[in-house]
Amino acid sequence: MRLFAAGLLALRFALPLGVLAGCASSRLPANPAASPAPAITDAPALIRAMHGRYAGRWYRTLAFTQATSRVLPDSTVRTETWREWMALPGRLRIEIGVAADGHGVLFARDSTFVVRGSEVVRAEPERNPLLLLGFDVYGQPPETTLRMLEEDGFDLSTFRTDTWEGRPAYVFGTPATKEVWVDAERLVFVRLLEPAGPGQIQDVRFADYEPLDGGWIAPTVEVWLGGRKVFWEAYSEIRTGFEADPVLFDPRRWGAALGVAR
């Protein structure tokens with residue numbers, strides 16, 4: 001199973017778990033420099049349209065605090081605080097629990113680094129799919145995104161229109177591999193379906209979208225499994241537009257970054 005948003009994939013690596021939308025009505029102002037968009041009839045056209053809609057406007061850095069909740073095997077809910085920093089494209093730092101403990105996950109250079117006590121204890125050549133679909137698609141050339149999606153096993157040949165939460169959506173891929181849902185009006189990622197073990201499909205949802213600094217943010221993220229919500233995030237203290245110190249995304253210097261003014 002893969003997860004993010006911005007900490008869902010971290011759950012897979014960092015926690016001993018068995019499992020591991022856009023609802024707002026506001027709109028962004030039109031981009032007066034944008035030319036008429038071509039028809040969206042397949043996945044490559046969709047990725048190009050997503051990038052083109054917000055080219056040069058989407059924020060490049062993002063930070064927030066999140067309340068991260070998960071359902072435990074005894075059906076109780078555990079909530080803890082995570083802190084996250086993002087720099088597009090492709091860099092995400094997640095501090096889990098008490099910062100001074102030095103626990104977290106770092107996504108950088110198409111790799112995932114698991115950190116314990118400020119030391120890297122695991123490294124894998126694996127991307128974060130939700131970072132790619134929800135953010136990087138706006139911060140890098142669309143051909144780069146398409147190449148990464150193909151490398152990561154997304155089926156770009158299957159495409160349809162559908163409806164999600166009462167809004168039109170574009171959909172590509174299949175749940176048997178990975179199925180991506182994109183809000184047709186805003187051109188933002190809202191849903192990822194993918195296998196989560198024998199006979200199960202994991203449903204990750206970006207919800208409650210609101211405008212943010214030239215782009216959008218979904219401050220609510222949910223993971224559903226077998227018809228139950230098993231993991232969710234609520235963002236607060238959201239900010240953009242800062243200079244992200246490179247030390248934040250250097251796995252060898254995790255502890256040094258704890259003292260960086262952010």
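Here are legends for a few close-up views of this predicted model.

View 1. Let's start with confidence: the chain's mean pLDDT is 87, and 84% of its residues reach 70 or more.

**View 2. Inside the second largest pocket.** This pocket has a volume of about 180 Å³. Its lining takes in 16 residues, and the ones nearest the centre are Gly-90, Arg-109, Asp-110, Arg-127 and Asp-136. Two elements, β4 (104-108) and α3 (129-139), each give two or more residues to that lining.

**View 3. Helix α3 at the pocket.** The largest share of the lining of the second largest pocket comes from α3, which supplies three residues. One residue to look for is Asp-136, among those nearest the pocket's centre and also on the list of buried residues of α3.

**View 4. α3 under cover.** How many of the eleven residues of α3 are buried? Eleven of them are, so to speak, tucked away: the helix is mostly covered. Among these buried residues is a run of leucines, Leu-130, Leu-131, Leu-132 and Leu-133, along with Phe-135 and Tyr-138.

**View 5. The cap on α3.** Zoom in on the N-terminal end of α3 and you'll find Asn-128 capping it. A side-chain oxygen of Asn-128 sits 3.0 Å from the backbone nitrogen of Leu-130.

Technical notes:
Residues are numbered from 1 along each chain as its sequence is written. This is a predicted model: local features need pLDDT of at least 70, side-chain atom pairs count only at pLDDT 80 or more; totals for chains, interfaces and linings use all residues. Side-chain values use heavy atoms; hydrogens and water are left out. On a 1 Å grid over the protein atoms alone, a cavity is a set of points where a 1.4 Å probe fits but cannot get out, and a pocket is an open set with protein on both sides within 12 Å along at least five of seven lines; lining residues have an atom within 4 Å of a point. Grid points are joined across faces, edges and corners, and a volume is the space filled by probe spheres set on the points. Helices (H or I, at least four residues) and strands (E, at least two) are DSSP runs, numbered from the N terminus. Buried means under 20% relative accessible area, exposed over 50%, partly exposed in between (1.4 Å probe, protein chains only). A polar contact is a pair of N or O atoms within 3.5 Å; within protein, one must be able to donate a hydrogen and the other to accept it, and residues adjacent in sequence count only if both atoms are side-chain atoms. pLDDT is the predictor's confidence in each residue, from 0 to 100.
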